[in-house]
Amino acid sequence: MKHRTANRSGIVIRRRVLPSGDIIVTLLTPQGKLKAIARGGVRGPLASRLNLFHHVGVQTYQTPQNDLATLKQAVLEGALPSLAEPERHAFAHLLAEFADALFQEGEFSQQAFELFAGALRGVAHQPDPEWVALVMSHKLLGLAGIVPQTARCARCSAPDPAHPDPLGGQMLCAACASLPAYPPESLDFLLGAVRRTVRASMDAPVPPEQRPALWRTLERFVTVQVGGVHSWRQLVPSAAVV
Ligand SMILES: [Zn+2]
């Protein structure tokens, strides 16, 4: 039986310590998502290198008997210390859970990696990490090809809907809606978020008081379309979850 060794470089998006002291990590890499186990890792030098959001170079090997690759070495290639600040940490965590849910293991996506790495840098350094997280969540959705329908009412297909869809996270027309229309800034963001450049969206932030409704919409949409993101749901700013 042959062992397969591989060298990869990626960002830790999930980290779980087992009672045995093994650490299971998920990395987002330019070659896709990679899940591996660092055996006994919590007692060794690997523990601090495999922290959440660290960019690490790793060596893994895989035997035919195990579906989980074993992580032999990890070298720290980059870290964003400001992500330890509580508010930034929450949004970085949210984006990591989101990327984990959207992208599959082994699915090649250089673009997903670059977008996610850029999102983490933005959350680490920008003065408004919440806005970075909202913008980048929509860009990640767009890249995954999961895009809310905004041209037509999700219920009756009437054109140019402008009201929230509290069940599906899409958009409803005035006749189908039970909630008031989105304010112009929110509507403009929702109509353009996927197509527009990150820079353009970053330059036109939606006022903070309108954001809980945007989070609620995103949470609904992701729950319905992607599923399996319960931990992500808990990370959405609590004001947005009713
Ligand atoms: Zn309608």
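Let me begin with helix H5: what covers its buried residues includes H4, strand S7 (171-172), helix H6 (198-202) and helix H7 (211-225). Contact here means heavy atoms within 4.5 Å, and buried means under 20% relative accessible area, with exposed over 50% and partly exposed in between (1.4 Å probe, protein chains only). Helices (H or I, at least four residues) and strands (E, at least two) are DSSP runs, numbered from the N terminus. Helix H5 itself spans residues 184-192, and its buried residues are Ser-186, Leu-187, Phe-189, Leu-190 and Gly-192. As background, an α-helix has 3.6 residues a turn, so residues three or four places apart point the same way.

A word on the source. This is a predicted model, in which local features need pLDDT of at least 70 and side-chain atom pairs count only at pLDDT 80 or more, while totals for chains, interfaces and linings use all residues. Residues are numbered from 1 along each chain as its sequence is written, and side-chain values use heavy atoms, with hydrogens and water left out.

I turn to the protein as a whole. It has eight helices and seven strands. Its radius of gyration is 20 Å, close to the 18 Å that the globule rule gives for 242 residues, so the protein is as compact as a globular protein of that length. That radius is taken over C-alpha atoms, and the rule is 2.2 Å times the number of residues to the power 0.38. Along the principal axes, the C-alpha atoms fill a box of roughly 65 × 40 × 30 Å. Of the 242 residues, 46% count as buried. Among contacts between residues at least 6 apart in sequence, 58% join residues at least 24 apart.

Next, the surface and the charges. The protein exposes about 11,800 Å², of which carbon and sulfur atoms supply 53%; the areas come from the Shrake-Rupley method with a 1.4 Å probe, and for residues only the protein chains shown count as cover. There are 24 positive and 19 negative side chains, and the centres of the two sets lie 8 Å apart. Lys and Arg count as positive and Asp and Glu as negative, with His and the chain ends not counted. Each charge is placed at NZ of Lys, CZ of Arg, CG of Asp or CD of Glu.

Ser-9 is located in strand S1 (residues 4-17) and is partly exposed, with a relative accessible area of 25%. Not counting residues up to four places away in sequence, Ser-9 touches Thr-29, Pro-30, His-55, Val-56, Gly-57 and Glu-77. The C-alpha atoms of Ser-9 and Arg-155 are separated by 44 Å, the two residues being 146 apart along the chain.

Finally, some loop residues. Phe-53, between helix H1 (46-49) and strand S4 (55-62), has a positive phi near 75 degrees and counts as buried at 6% relative accessibility. Ser-157, in the loop between helix H4 (129-144) and strand S6 (163-164), also has a positive phi, of about 70 degrees, although it is not a glycine. Ser-157 is partly exposed, at 44%. Pro-127 sits in the loop between helix H3 (110-125) and H4 and counts as exposed at 74% relative accessibility.
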